[in-house]
Amino acid sequence: MNPEKIETAFSLMEEAIITLQQSLGTSFFDAYIENTENLVDNAKVRVIDQQPNAAAVEKVEALYQEILALGLEKEEWRKLTQLILLKGSMSENLQPNHQLTPDSIGFLFVFLIEQLTLKKEQPISILDVTVGMGNLLLTTIINLQAANYSVKGIGVDNDETLLAIAAADSLLVGEEVKLFHQDSLQDLLVDPVDYVVSDLPVGYYPNDQQAEKFMTHSEKEHSYAHHLLIEQAMNYVKSDGFGLFLVPSNFLETEQGPLLQKWLKDEVFLQGIIQLPDELFKSEHSRKSILLLQKKGETAEQAEKVLLVHLPSLKNPTNVTEFFKKFEDWKSSNL
């Protein structure tokens, strides 16, 4: 990956988006979606009712040619879109549950899936039940493909704008990701998958009637959406398959924690909890961990020793290498 090339592309792409935003009078994200769809459509600006105006069209299409001339690779396109969306998020005031999942966490998911996949030549299906802008799913798919895995992705989200961004970015990087606009806690039109990956939104689920269909629902108050989503996601995992969830580090210590604990004990195998570095989060309250679950099946067994590890830093290569070695040793002894 060439950082200078991405930096040049970033400046050009940002200028194109801002030009469209000003000419069309839209939000940054709407202009981003329009811009990305234009690039996919042979780098031609879509004009409806003489908008955007001729001057804007000429300027933006010239910028597109400069971007295309850089010859970005698939992962460079994804990195570019992530940087642009991070910049846009500063002006759009996104709620915490809608923020992009950092690349560093996405790369950990890639490593874990590589380690958990027994046969490299076997196609892998991955579902994200809270796909949002799609960065976690695309990071996982693209980097697994770069390691010569055959991967297909599926995403679900109830936010139309975020899903439109995910759809546009998928086309831009050349990935045929199936995306569904719906409440992820309703019945999904999804076949069982090998893996579920999700950066789960934290909060209460307002639909008590629907929540009652899940074992993790609370009878005293609104149920935690992230608990319900973990249960729902594992319903769509194949026997012996895995779920990788980004959850609050205190997820078992909350008032509704016992409900999730009982479900974990009865319905799946809790194989590991990887606490992420404190440096990734602004406060102790916002710290997160990766929860590793396995669906029961013919070959799956509860690990004799659940993996419990706290990553001290992702900035130090030695720490990352030590974690990789620790995970590989744990896997060979327990799975």
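Accessible areas here come from the Shrake-Rupley method with a 1.4 Å probe, and for residues only the protein chains shown count as cover. By that method the protein exposes about 16,300 Å². Carbon and sulfur atoms supply 49% of this area.

The model is predicted: local features need pLDDT of at least 70, side-chain atom pairs count only at pLDDT 80 or more, and totals for chains, interfaces and linings use all residues. Residues are numbered from 1 along each chain as its sequence is written, and side-chain values use heavy atoms, with hydrogens and water left out.

**Overall build**

The protein has 11 helices and 10 strands. These are DSSP runs numbered from the N terminus: helices are H or I with at least four residues, strands are E with at least two. The C-alpha atoms fill a box of roughly 65 × 45 × 40 Å along the principal axes. Of the 335 residues, 52% count as buried. Buried means under 20% relative accessible area, exposed means over 50%, and partly exposed lies in between (1.4 Å probe, protein chains only).

A contact means heavy atoms within 4.5 Å. Among contacts between residues at least 6 apart in sequence, 75% join residues at least 24 apart.

**Cores**

A nonpolar core is a set of buried Ala, Val, Leu, Ile, Met, Phe, Trp, Tyr and Cys residues joined through side-chain atoms within 4.5 Å. The largest one has 70 residues. Tyr64, Trp77, Ile126, Phe323 and Phe327 have the most contacts inside it. Helix α5 (residues 103–116) gives the largest share of this core, eight residues. A second, separate core has 32 residues, including Leu127, Ala225, Phe245 and Trp263.

Which residues does Phe323 contact, leaving aside neighbours within four places in sequence? They are Leu108, Phe111, Leu112, Ile274, Val309 and Leu311.

Ile6 is found in helix α1 (residues 3–24). Is Ile6 buried or exposed? Ile6 counts as buried because its relative accessibility is 5%. Beyond four places in sequence, Ile6 contacts Met1, Glu76, Lys79, Leu80 and Leu83.

Lys87 sits in helix α4 (residues 74–92). Its relative accessible area is 37%, so Lys87 is partly exposed. Not counting residues up to four places away in sequence, Lys87 touches Phe10 and Glu14.

Each of these residues also has a C-alpha to C-alpha distance to a second residue:

| Pair | Apart in sequence | C-alpha to C-alpha |
|---|---|---|
| Ile6 and Phe180 | 174 residues | 30 Å |
| Lys87 and Gln115 | 28 residues | 33 Å |
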